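The account begins with what counts as a ring pair and then turns to particular residues.

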Amino acid sequence: MKREYKDFENIHLMHRNRLDARTSFVAYRDEESALYGDNFNTYGYSLLNGVWDFRFVESPDYAPKNFEKENYLLDDSWNKVSVPHNWQLDGYGKMHYSDLWYNFSIRPPYVPSFNPTGLYRKYFYVSAEDIKNKMIIRFHGVDSGFHFWVNGEFAGFSKGARLTAEFDISKFVKEGENLIAVKVYQWTDGTYLEDQDMWWLSGIFRDVELLVEPKKGIFDFAINTFMKDNYTKSDLSVKLYAYEDCKNRKALIKLLDKNNNIVFEEETNFENKNIKFSKEVSNILLWNAEEPNLYTLIINVIENNNTIETITHCVGFRDIDVDTKNKQFRVNGTPILIKGVNRHDYHPVYGRVVSEEDILKDMLLMKKHNINAIRTSHYPDSPYLYKLADKLGFYVMDEADLECHGFELSTHYTWITDDKDWEEAYLDRIIRTLKRDKNHPSIIMWSLGNESAFGCNFVAMAEYCKKEDPTRLVHYEGDMKVEVADVNSTMYTWIKERYSPGRLMKDIIATTTKPHILCEYCHAMGNGPGGLLEYQELFYKYPFLQGGFIWEWYDHGILQHDENGTAYYAYGGDFGDDPTNGNFCIDGLLMPDRVPSPGLIELKKIFEPVLVEMIDSSSYKIRVTNRYDFITLDHLELNWSIYNSENEIICSDTIYEEIKGIKPYTSKEFAINVEKFNVKVGVDYYLNIVFKLRKENAWANTEHKIATAQFLLPVKKESPVINLTSKPKVIEKDFEYEIHSGKSIIRFDKVLGNIITWSYDGELIMRKGPALGFWRAPIDNDMYILEEWKKQYFVHLMRESTESVVLKETNNSIIIEVDTINSAPNAAWYYESKYIYEVLDDGNVLLSVSGKASGMKEPHPSLLSSEGSASEAMRGLSVIPKMLPRIGLDFEIAKEYDLLRWYGRGPGESYSDSKQANLFGVYDSDVESTHTNYVKPQENGNRTDVKWVRLQSMRQIGLMAVAENSMDFSAHFYTISDLEQAKHRHEIKKSDFISFRLEYKQNGLGTHSCGQDQLEPYRCKFEDFEFKVRLSAYSAKEVSDYIEAKRRYK
């Protein structure tokens, strides 16, 4: 059954009365005001944000009659809201998150009769002077479509949620007070093109502006730069489009440099309504993301020697092309490497309402983390973002507001994408994007959309872009055969083996005929991403792999409070929304409160623009490589220091001349002048290097670190071996051994073999001794292996069964050997494990824990036989899990011992495939501060490559663990079970003890929530292991941590 289309269901009706898309600008009365740049010194400008009258109805048909009229009386069903807003965040309608599902049946272009609708009313003032000019109302973002009225008269209609819509309302306004009324629809036929991975949020969510523009002024303009003479000159092209015929008018066009010096000024006459102006500019400073040199273009419209209007816009001289021979895209003839992120509009309180201050903070944070590119996923952003990108230096992939992901699950992915009847609707998305943003030098690619398959409508979009703007590249990941796109774009492409069909990076390397980028990769969900380094190494190895955009910048958590007022962040399903993808929206490098995640800290390190390698440690000779694309290292200084594992800086200095003049992708070798120093026994020494800014710039001060490097020096002198001549005292009881060692009393269970308690000088330190553990609180990147772990292998239920406990005495120690079996229910695979405790007489315990991977590791031969008894369902299944969560030791430590110090990587959280940002050193923290407060609780707080760690009480009694080689550790007031059971931060139950873990190996992070799983070197496997550690209890008043850590025994 078909019914008549409504405006918001008519795919051939893009708008009513909407102006053609154009550059976002404001008009000024004179040049001085224009250069000052304040909106309130414009020709006329009013921001219609603020308090509006609002009523929510569940269908457009429930809108009260004549609500748009001035004489309509508001009743109690109307409330006040602050615009811009998303009405769901103000308590209207329903919150809903989904990654790809539409919230209604797929019957394009129809939408449900249940179509939540917001009614808005606001009065605004127009002066007698303003009304003589053009009055333009500009809606920067209304989700998803709207009709509006001025003073009761219908004024316009538009669709396209994240696209600017402008209307000339001159004929509707009057001097004095005016009424604007808007009816906003949550669902339109445009919603079929707006199925992005984000919260479904509705309303007027960006600024509403009232512009006053002269009738004899400029409607639009276009700026282009065309490089020549080896990029020393450029033809500057300026096209002006006036509202009306301009026979007696001319334009005075000026170009100012960054110091506001005049480069040129020239008059030119209009031809009818237009001007086509071109001027050669010499000795230009080029624009790129590393040196965002900007000029200011001033356009004065003049009639009879009077200035009618002044407009300004930045100009960046830059050129974008493709070197087809080398399969690289270039800026100003130089190939660039994209170190980018995907960015959504997001705020934890206001939804998709983001202020200019929020955008600025985020972009400054990006610059500080070595990010040089932004993909506006998956829609155009506020014009302010592009202005900042021009100024601060970012490459922008400007993406159309287009995604049809839900069609994929219908099995007819190209349903509307390859239906020519929808061509106009698709084109509307890219036309409005391109025409608004065309003058920004930061934009290097037009992206046609996201995850919408490929068909004739994308071909039409690409053809439009190439005709309208041949100066930029066209991107679309869905163009998998690269038929119309200028770059080969893929997402989440694996480096190594996949479990489902798909290309690997090696396949792209072997087959691509165009430059390649990853428009999404390294999904930053929860604890992750892991494996960043391996992708970056590929980019440096193969120049036609030109980087990519991490998914994504933010966790999209919604700030909520429980009944006690405790804050937490909600995600999909928390509002009863169904279907939902749960916490899949919590996938950013920034947490909802904009606290950088450990993943962002790691990303900064991986994206560093300077590489340092040690050539000869004896002479401190290093090689410094510049990984910038355009600039030398002249803006940096190198700070070096000799640092040791007792937290001392032996010497340090700052050098500049040695790195001065190092050009992009070139290296220089030189020796650092380090005077000879005394080497302490048992102490490690490092050469630490930090690159800092020499001068403050637009986004950081001189204390900002751009890059770091660290090298262990081969100068260590081993500590002497301690020989003890006495042995501890053993008291045997019915079910335990009580061993007195120095001031320590250690109680062992005779049946199970574990430590029951460990006390020092009468103080309880250890409540429960080391026990092998193989489970961790699942991270988001475990989501696809989790079911296998839990339902096929029961890894989470692995238990220990003691086979034997034997006590032995030597001349200087007590040895307790414990043999166990560690296995899971119904598993034919298991570990034959052994604990060997050697208790010395000075409070030290030498612990060796080993495991032999045993049992059935391969399928029984009957499974391979066609006559075998095994069920068909079992064929092809692995007998053992391909990975284990971890292999480590679990302790319970008294809660008072919450002061941590360790020597290893720090200060932050790290894992085997995400640890480059954390350098070796001695670090102090309390237990609670090592906890990473992920929105959805999961494994966190690990520290890698640790040589020793101690926990200490306020009374300065400590427990230290010293690894024979190295180990990982973590310490929490939360058990693994506590973390796993909690769904939000505030639900974690705090223990009355410290869960302390020493790890032989922990599985890496990977990015398998959407992408590559753990790479081979970072996998914790079912294989033999041996782990040795020394445990000691002591008083820091008697011996320092550093002395205690250096003890060595035979």
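Rings of Phe, Tyr and Trp, the last taken by its six-membered ring, form a pair if their centres lie within 6.5 Å. Planes under 30 degrees apart count as stacked, those over 60 as edge-to-face, and the rest as tilted. The model is predicted, and a search of the whole structure finds 58 aromatic pairs.

One of these is formed by Tyr97 and Trp199, whose ring centres are 5.8 Å apart. Their planes stand at 55°, so the pair is classed as tilted. Tyr97 belongs to strand S5 (residues 97–98) and Trp199 to strand S13 (residues 198–199); the contact therefore ties together parts that are 102 residues apart in sequence. Both Tyr97 and Trp199 are buried.

A further pair joins Trp287 and Tyr395, with ring centres 6.0 Å apart. Because the planes of Trp287 and Tyr395 lie at 80°, this pair is edge-to-face. Trp287 is found in the loop between strand S20 (274–282) and strand S21 (295–303), whereas Tyr395 is in strand S28 (residues 395–399), so the pair ties together parts 108 residues apart in sequence. Trp287 and Tyr395 are both buried.

Ring pairs also build a cluster, which links Tyr102, Phe104, Trp187, Tyr192, Trp200, Phe407, Trp415 and Trp422.

Charged side chains meet aromatic rings as well. The charged end of Arg29 sits over the ring of Tyr43, at 4.2 Å from the ring centre. Lys279 lies over the face of Phe264, 5.8 Å from the centre of that ring.

Key. Residues are numbered from 1 along each chain as its sequence is written. This is a predicted model: local features need pLDDT of at least 70, side-chain atom pairs count only at pLDDT 80 or more; totals for chains, interfaces and linings use all residues. Side-chain values use heavy atoms; hydrogens and water are left out. Helices (H or I, at least four residues) and strands (E, at least two) are DSSP runs, numbered from the N terminus. Buried means under 20% relative accessible area, exposed over 50%, partly exposed in between (1.4 Å probe, protein chains only). A charge sits over a ring if NZ of Lys or CZ of Arg is within 6 Å of the ring centre and within 35 degrees of the ring normal.
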